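Me: I have a structure open and want to talk it through. Can you help me read it, one piece at a time?

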Amino acid sequence: MEESTVISVQFKNEAGEATGAPLDLPVNTDVGKLTMICNSLLQKETPVPFLFFVNDIQIRDSLHTTVDKKTIEGENILEIVYAEQSVFRVRPVTRCTSSLPGHAEAVISASFSPDGRYLASGSGDTTVRLWDVNTETPQYTCKGHRHWVLCIAWSPNGMKLASGCKNCQIFIWDPVSGKQLGRTLTGHKGWITSICWEPLHLNAECRRIASASKDCTVKIWDIIMGQLLYTLSSHTASVTCVKWGGSGLIYSSSQDRTIKVFRASDGVLCRTLQGHGHWVNTLALNSDYVLRTGPFDPRQADLVYREVTETPKQLSEMALKRYTAAMNGQQELMVSGSDDFTMYLWSPEIDKKPINRMTGHHNLINDVKFSPDMRLIASASFDKSIKIWIGRSGKFLATLHGHVQAVYQISWSADSRLIVSGSADSTLKVWDMKTCKIMMDLPGHADEVYAVDWSPDGQRVVSGGKDKVIKMFSDAKPSSCAETVFNSLPSRTSVLNKGALSQKG
């Protein structure tokens with residue numbers, strides 16, 4: 001194909017709507033020129049970056065290197081789908097800034113609060129520890145559990161932390177004082193495997209949580225009253241993951257190979273999603289990031305965390321505004337990962353049939369995450385790889401090779417351009433989604449890395465694992481997490497899941 005060849009193209013947005021009239025472009029038109037054309041068509045006063053796709057294949061360099069001759073000659077008008085990227089950019093973490101001992105057993109979970117102000121970790125030593133993010137030093141040791149702390153979850157307003165343990169108990173902690181809030185929640189008869197909070201835009205008080213357990217149930221609690229509201233008992237085997245969706249539905253996955261959809265208002269079972277041939281280990285919603293961060297917009301984050309002065313009602317309204325803008329009238333999508341080496345993409349609010357069955361992994365799937373912009377899905381597997389998929393269709397895009405042992409957990413940067421992964425090979429790796437290659441190799445742990453989290457504001461990465469140490473990583477030089485706007489174009493664009501935990505004993 002001659003690079004001087006001209007082809008007619010039609011720009012379309014992600015909803016399939018045409019933008020402008022068809023244009024004649026040389027096939028050697030690169031991403032930079034496509035970006036300039038798209039900004040012009042959309043009459044953007046400030047240029048923004050875009051991703052471009054032809055038949056779900058991303059244009060990384062030019063039309064010439066992406067579209068084959070047969071496609072060019074077989075179409076009268078080539079459709080190019082554009083997707084606007086975030087106008088802020090997260091700096092890739094490049095070095096370990098702190099190595100924090102303190103836990104006496106393996107670190108099972110580690111998580112930043114929604115605004116990035118606080119950091120919490122749960123361990124086999126029965127404690128939850130809170131760390132000072134700014135000084136990267138220990139702050140509080142929260143004692144109360146009598147067995148391994150398996151999961152932790154921050155409230156979407158960042159003012160409470162829930163933790164669940166092998167002793168079937170759930171504690172609520174105050175990150176400011178490190179003290180327990182309210183009563184210990186007891187009632188489960190098996191390990192607590194997953195905890196999630198009701199989204200802030202649905203309840204400004206942040207008073208309800210859902211907990212999943214090996215006792216085959218999901219329980220809904222009022223943490224202010226310290227009472228059990230109701231029990232969801234439709235599963236016949238251990239419940240591995242629970243998610244509280246933004247539309248008022250609760251989703252749970254189980255070792256009984258099914259996913260259940262419940263109405264949060266009264267606990268009524270809406271539908272059962274079937275298809276997996278083995279344990280369902282993990283779930284992810286495309287709204288997870290915006291639900292997690294609630295009212296806290298990462299574009300407004302800075303090195304110094306501001307005090308939260310808004311009322312609960314104002315925070316709830318801010319969260320609703322962000323959720324509504326992110327969903328843009330679309331239904332929530334969900335992806336499930338299983339021991340059967342497959343994933344399914346669902347539209348669980350309206351349909352019990354999957355959108356797509358996603359195959360390609362050669363071992364159990366341990367973690368799945370939608371990117372914050374909802375456009376991509378990343379999956380981590382015991383087959384040592386990470387795979388990238390299109391968020392709306394579940395179509396395979398790329399495989400990230402580099403780890404030499406099982407990949408346990410992954411986390412996206414706030415701008416959806418980077419992924420960090422933790423592995424049994426004792427390393428973390430940072431991946432660039434433009435090239436789908438390793439950007440940074442982060443060794444340092446002495447053993448398997450079970451937990452990894454990129455702070456929602458983009459400033460730091462935390463990891464923890466079998467060596468009992470918390471490590472924090474950041475950019476080599478301090479800066480605001482959001483490097484806003486582009487000067488020129490083009491721009492470059494649990495412990496182990498509960499199934500795996502059971503297998504490892």
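**Starting with a helix**

Reply: Start with helix α5, residues 312-327. This is a predicted model. Helix α5 has 16 residues and reaches 22 Å from its first C-alpha to its last. That is close to the 22 Å expected at 1.5 Å a residue.

Me: Which residues of α5 are buried?

Reply: Leu315, Ser316, Ala319, Arg322, Tyr323 and Met327 are buried. They cover an arc of only 125° around the axis, which puts them on the same side of α5.

Me: And which are exposed on the other side of α5?

Reply: Lys313, Lys321 and Ala325 are exposed there.

Me: Let's zoom out. How many helices and strands does the protein have?

Reply: There are six helices and 39 strands.

Me: What does the C-alpha trace span along its principal axes?

Reply: About 70 × 50 × 45 Å.

Me: What share of the residues counts as buried?

Reply: Of the 505 residues, 60% count as buried. As for the surface, the protein exposes about 19800 Å². Carbon and sulfur atoms supply 48% of that area.

Me: What about charges? How far apart are the mean positions of the positive and negative ones?

Reply: They are 6 Å apart. The protein has 54 positive and 51 negative charges.

Me: New topic. Where is Asp432?

Reply: Asp432 sits in strand β34, residues 428-432.

Me: Is Asp432 buried or exposed, and why?

Reply: Asp432 is buried, because its relative accessible area is 7%, and buried means under 20%.

Me: How far apart are Asp432 and Val420?

Reply: They are twelve residues apart in sequence. In space, the distance is 9.3 Å, C-alpha to C-alpha.

Me: Now the loops. What is phi of Phe341?

Reply: Phi of Phe341 is near 75°. That is a positive value in a residue other than glycine. Phe341 lies in the loop between β25 (334-338) and β26 (343-346). Phe341 is partly exposed, with a relative accessible area of 34%.

Me: And Lys468, what is its phi?

Reply: Phi of Lys468 is near 75°, again positive in a residue other than glycine.

Me: Where is Lys468 found?

Reply: Look in the loop between β37 (461-465) and β38 (470-474). Lys468 is partly exposed, and its relative accessible area is 35%.

Notes:
Residues numbered from 1 in each chain as written. Predicted model: local features only at pLDDT ≥ 70, side-chain atom pairs only at ≥ 80, totals over all residues. Heavy atoms only, no water. Helix = DSSP H or I, 4+ residues; strand = E, 2+ residues; numbered from the N terminus. Buried < 20%, exposed > 50% of the residue type's maximum accessible area, 1.4 Å probe, protein only. Areas by Shrake-Rupley, 256 points an atom, 1.4 Å probe, with all protein chains shown as cover. Lys, Arg positive; Asp, Glu negative; His and termini not counted. Charge placed at Lys NZ, Arg CZ, Asp CG, Glu CD. Expected span 1.5 Å × (residues − 1). Arc of directions from axis to C-beta.
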